[in-house]
Structures are given as C-alpha cells and as structure tokens.
Amino acid sequence: MATHDVMTGAMTYKFTYNVKSYYGRLVRVTDVSAGKSVVIRRDYRLYAQQLTTMTTTGARRRLSQSQRSQRCHVTTDSNGLLASLTTPSSVVTRLSYVRDTGLLSSRQTHSGTGSDSVYSDGVDGYVYKYAQDGRVTSVVYATGDECTFTRRVYDNTIYVNNSCDGSRVQLTQHNHSLDVYCCKTLTHCLVASCLLHLFAFVTVTDIQ
C-alpha cells in the first residue's frame, strides 16, 4: 500500500505489511522523499515493541553512524493502544486514554532513565477534555493553564477559536479538498490548502 501526491503523482509514503501473518500487521512505513523508514518490531502478542528509524542508501552518506538508525522502545496497554515511548536519549512519553471511548486523555513527557519514578515538577504534560461528540474542548498544561477551543459551524465552514492566544482555524470543504486558514491575529493569516484522501493518515490502531 502507498500514498501518492495528488498533484504530481509521485509516491510519498509506502506501507509494508507482514503478509506471512494471518493478521497482516504493519511492519514498515517509508517516507520515500526523505529516504527514511520506520520499522516496527512486535512481541508474541503482535503488539508493537520497538520502532526503529532507518535511512536509505542515498541518504546514509550524509549521516553519521548514530543518525542512520534510531531505536525507540514502546509499550502498549491492555487494549493494544500505545502506552509509552522511550527515545534513545531516555526521554519517556506516557499516554493514557478514556476508558469508554479510547480517546487520548493525557500525555506526559520527562527526561531520565525511563524508570517508573515520580515525575519532576518540570514535567511536560497535557490533559485533554472532550465533548460528548468526541471533539476536544480544552487542553490543560502541566502549569495548570487551560486552553479552551470553541467551535462554530456555518454551512460548509468550521471555525475553531483558541482561548490562549486568540488564534483561529477556519476549515472550508470544497468537494474533495479542504481549505485551511490559520490566523494568528485578525490582520494576519497564513493560508494553506491541502487535499484530503483516505490513505493519508495512519492512526494508532495501525501500529497495533
């Protein structure tokens, strides 16, 4: 399976599955243009255990030995969702989820040995709150600050406002495309246009 740029037709990402397995799990994702791949190693339950970034032959010449291969260790919870990720520099990110919906409820990142010690006061953490429809309504930071997101819908346009910095995101759908306007202030807007297609996104369940 692969995704292609809809404008040029060039391949952007290639997905490789273990066809020898009955479950056909994802084992590699390749960024063709960047010359990088993420290889997924699994345990006996077929849950992801290690993520290893690798470079293709052409890109390897420009990188040091340590940059050519970076290995991250991951763990999953009882539902097979990503529970933690540890980088080669021992930066640990832990994730938790809402039990009934599986939505991400919190994310905490800290530096250390990767042990289960108590997080320090300087931990980088976020808590996510959702509406009944599953859309995020606010994010609470480790400092206690909370950013709320309000959403309004007019015809085929959605407006999302951020209470912390006053920024606004405007999304307008046109057939199979989506125009995205990210406004930092009322007088300054950065305009981006992106085309949506089914295979452009990889969810957490694809790693299971």
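**Hairpins around β8**

I began with the hairpin of β7 and β8, which has four residues between the strands. In its turn, Ser90 has a positive phi of about 65°. I am working with a predicted model, in which local features need pLDDT of at least 70, side-chain atom pairs count only at pLDDT 80 or more, and totals for chains, interfaces and linings use all residues. My numbering runs from 1 along each chain as its sequence is written, and side-chain values use heavy atoms, with hydrogens and water left out.

Strands here are DSSP runs of E with at least two residues, numbered from the N terminus, and two strands pair if DSSP finds at least two bridges between them. I found β7 (residues 82-86) running antiparallel to β8, joined by three bridges. β8 also runs antiparallel to β9 (residues 104-111), and seven bridges join that pair. β8 and β9 make a hairpin too, with six residues between them and a positive phi of about 80° at Gly102 in the turn.

I then checked burial (buried is under 20% relative accessible area, exposed over 50%, partly exposed in between, with a 1.4 Å probe and protein chains only). Five of the seven residues of β8 (residues 91-97) are buried, leaving the strand mostly covered.

Cys72 counts as buried because its relative accessibility is 15%.

I listed the contacts of Leu51 (heavy atoms within 4.5 Å). Leaving aside neighbours within four places in sequence, Leu51 touches Val38, Val39, Ile40, Gln70, Arg71, Cys72, Val74 and Leu85.

**The disulfide**

How many disulfides does a search of the whole structure find? It finds one, taking a disulfide as a pair of cysteine sulfur atoms within 2.5 Å. The pair is Cys147 and Cys164, with sulfur atoms 1.7 Å apart. Cys147 lies in strand β12 (residues 146-154) and Cys164 in the loop between β13 (157-162) and β14 (168-174), so the pair ties together parts 17 residues apart in sequence. I noted a torsion of about -110° about the S-S bond, so this disulfide is left-handed. Cys147 is buried at 3% relative accessibility, whereas Cys164 is partly exposed at 43%.

**Tyr128**

I moved on to Tyr128 in strand β10 (residues 124-130). Is Tyr128 buried or exposed? Tyr128 counts as buried, because its relative accessibility is 18%. Its C-alpha atom is 6.1 Å from that of Ser138, 10 residues away along the chain. Beyond neighbours within four places in sequence, Tyr128 is in contact with Leu104, Ser105, Ser106, Arg107, Ser138 and Val139.

**The largest pocket**

Last, I looked at which residues line the largest pocket. The lining consists of Ala131, Asp133, Arg135, Val136, Thr137, Phe149, Thr150, Arg151, Ile158 and Val160. For a pocket I used a 1 Å grid over the protein atoms alone: an open set of points where a 1.4 Å probe fits, with protein on both sides within 12 Å along at least five of seven lines, and lining residues having an atom within 4 Å of a point. β11 (136-141), β12 and β13 each supply at least two lining residues, and β12 gives the most, with three.
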